[in-house]
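Student: I would like to learn how to read the features of a protein structure, one at a time. Could you take me through this one?

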Amino acid sequence: MDSADVLKKVRKIEIKARGLSQNIFAGQYHSAFKGRGMAFSEVREYQFGDDVRDIDWNVTARFHRPYVKVFEEERELTVMLLVDVSGSLDFGTTKQMKRDMAAEIAATIAFSAIQNNDKIGVIFFSDRIEKYIPPKKGRKHILYIIREMLSFEPQSQKTDVGMAMAYLTRVMKRRCTSFVISDFYDRKNFSQEMQIANRKHDVVAVQVYDPRAKMLPDVGLLKVRDAETGYELCIDTSSKKLRLAHTRYWMEHQSELSHTFAKGHIDWISIATNEDFVKSMMMLFRQRA
C-alpha cells in the first residue's frame, strides 16, 4: 500500500475502533482489567464504622483525636500489545486477512485503554523482535501504532512466540497487561515462556485464524505455499481423506493451544476472520470481570 492508502485505512480503523471502545468496550474493559491495587489518598477524621486498622496513629497523636487513612484504586495500567507480524498473518480467504483483523482488534484495545487513562505500547514480533514501541498515552500515539501495524515490513517471515514472551518479561520491569495477538502457528513449544510471563504480568492471548485452517473446501487440485518457509506443493482437495486429515490437524493444534494456556492460567479467545470479533472480546471481558 502507498502512504495515501495506509492513511485511508488508518482513518477507517480509527473510526470503527473509537466507536466500539466508546460505546461498547470502555466499561467492560475497566471492569476486566484492574489497576495495581490500592494507593494512599488522604487522611480524615474517624467515623463510626471505619476499620480501626486504617487509623493513622501519627496524625491521631498530633491532633489528639482519631484519624484514618483513605485509599483509592490505583487505576492506571500499562497495556502492551504483542502483535505477530510473521508471514502466516498475510492470509485470508474471506472478507479480510488475518493481519487486518489483528490490527482492528489491537486498535480497539488501544482506544479502550486510553479512555481509561492507561498507557499503551507495542512489540512487533516474528522469530525476532521486529520493533518495540514504548508505552505512551494519547490518540496521536495510537494512530502511529495503527499506521505501523498496517505498513510494517518484517525482516523475517517465521514465528517464535516464546522469544516474544521472554522479551516482554525482560523489557517490562513493572507489571502490565499484555495482549498477544497471533495465529499461534509456531513449530516451537512456548508454554514455559508463557507461564513465566504470566507470573510477572497479566497475559491474555487472542488467536486470529482463517476458516480454511479448520476446513478445506472441495475444489479439486490446489497449489499451496507455506508463507513462513516458502515450501510449495499441490494437494487434491477432492480427497475426503485429505480434508479429514486437515481438520484433524486443526483440532490437535487447538487442543495443544488450549492445554498450553490452561497450564499457564492464561485467558484466551479464538476468532475467525469471518466472525464479528466484538462478541468474542465482550465475552472475554465479561468472564474476567
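Predicted model: local features only at pLDDT ≥ 70, side-chain atom pairs only at ≥ 80, totals over all residues.

Student: How do I read a sheet, and in what order do the 6 strands of the open sheet stand?
Tutor: Helices (H or I, at least four residues) and strands (E, at least two) are DSSP runs numbered from the N terminus, and two strands pair if DSSP finds at least two bridges between them. Here the order is β5-β4-β3-β6-β7-β10, with mixed pairing. Because β5 (129–136) and β10 (267–272) each have a single partner strand, they stand at the edges, and one side of each is left without a neighbour in the sheet. On average, neighbouring strands of this sheet are turned by 15 degrees against each other, direction ignored.

Student: Which helix packs on the sheet?
Tutor: For such questions, contact means heavy atoms within 4.5 Å, and axes are lines fitted to C-alpha atoms, for helices over the stretch in contact, with angles from 0 to 180 degrees between N-to-C directions. Helix α7 (residues 240–263) packs there, touching β7 (202–209) and β10, and its direction makes about 170 degrees with that of β7. Within the sheet, strand β3 (residues 78–84) and strand β6 (residues 177–182) run parallel and are joined by 5 bridges; Leu-82 has Val-180 in β6 as its bridge partner.

Student: What is a nonpolar core, and how many residues does the largest one have?
Tutor: In soluble globular proteins, nonpolar side chains tend to be buried together. A nonpolar core is a set of buried Ala, Val, Leu, Ile, Met, Phe, Trp, Tyr and Cys residues joined through side-chain atoms within 4.5 Å; buried means under 20% relative accessible area, exposed over 50%, and partly exposed in between (1.4 Å probe, protein chains only). The largest core here has 42 residues, and Ile-105 and Ile-146 have the most contacts inside it. Its largest share, 10 residues, comes from helix α3 (residues 98–115). Apart from this core lies another, of 21 residues, which includes Val-161, Cys-176, Met-194 and Val-203.

Student: What does Ile-146 touch, and is Glu-148 buried or exposed?
Tutor: Not counting residues up to four places away in sequence, Ile-146 touches Val-10, Ile-13, Ala-107 and Phe-111. Glu-148, which has its place in helix α4, is buried, with a relative accessible area of 14%. Leaving aside neighbours within four places in sequence, Glu-148 is in contact with Phe-124, Lys-131 and Ile-133. Arg-147, in helix α4 (residues 139–151), counts as partly exposed at 33% relative accessibility.

Student: How are aromatic pairs read, and how many does a search of the whole structure find?
Tutor: Rings of Phe, Tyr and Trp (its six-membered ring) pair if their centres lie within 6.5 Å; planes under 30 degrees apart count as stacked, over 60 as edge-to-face and the rest as tilted. The search finds 7 pairs. Phe-124 and Phe-152 form a stacked one, 5.2 Å centre to centre with 25 degrees between the planes. Since Phe-124 lies in strand β4 (residues 119–125) and Phe-152 in the loop between α4 and α5 (161–171), the pair ties together parts that are 28 residues apart in sequence. Phe-124 is buried at 0% relative accessible area, and Phe-152 is buried at 17%.

Student: Why is the pair of Phe-261 and Trp-268 called tilted?
Tutor: Their ring centres are 5.0 Å apart and their planes stand at 45 degrees, so the pair is tilted. Phe-261 is buried, with a relative accessible area of 0%, whereas Trp-268 is partly exposed, at 25%. Ring pairs link Phe-184, Phe-190, Phe-261 and Trp-268 into a cluster.

Student: How many disulfides does the structure hold?
Tutor: A disulfide is a pair of cysteine sulfur atoms within 2.5 Å, and the structure holds 0 of them. Cys-176 is buried, with a relative accessible area of 2%, while Cys-234 is exposed, at 59%.

Student: Where is His-64 found, and what is its phi?
Tutor: His-64 is found in the loop between α2 (57–63) and β2 (67–74), and its phi is near 60 degrees, a positive value in a residue other than glycine. His-265, in the loop between α7 and β10, has a positive phi of about 55 degrees although it is not a glycine. His-64 counts as exposed at 74% relative accessibility, and His-265 counts as exposed at 70%.

Methods
Residues numbered from 1 in each chain as written. Heavy atoms only, no water.
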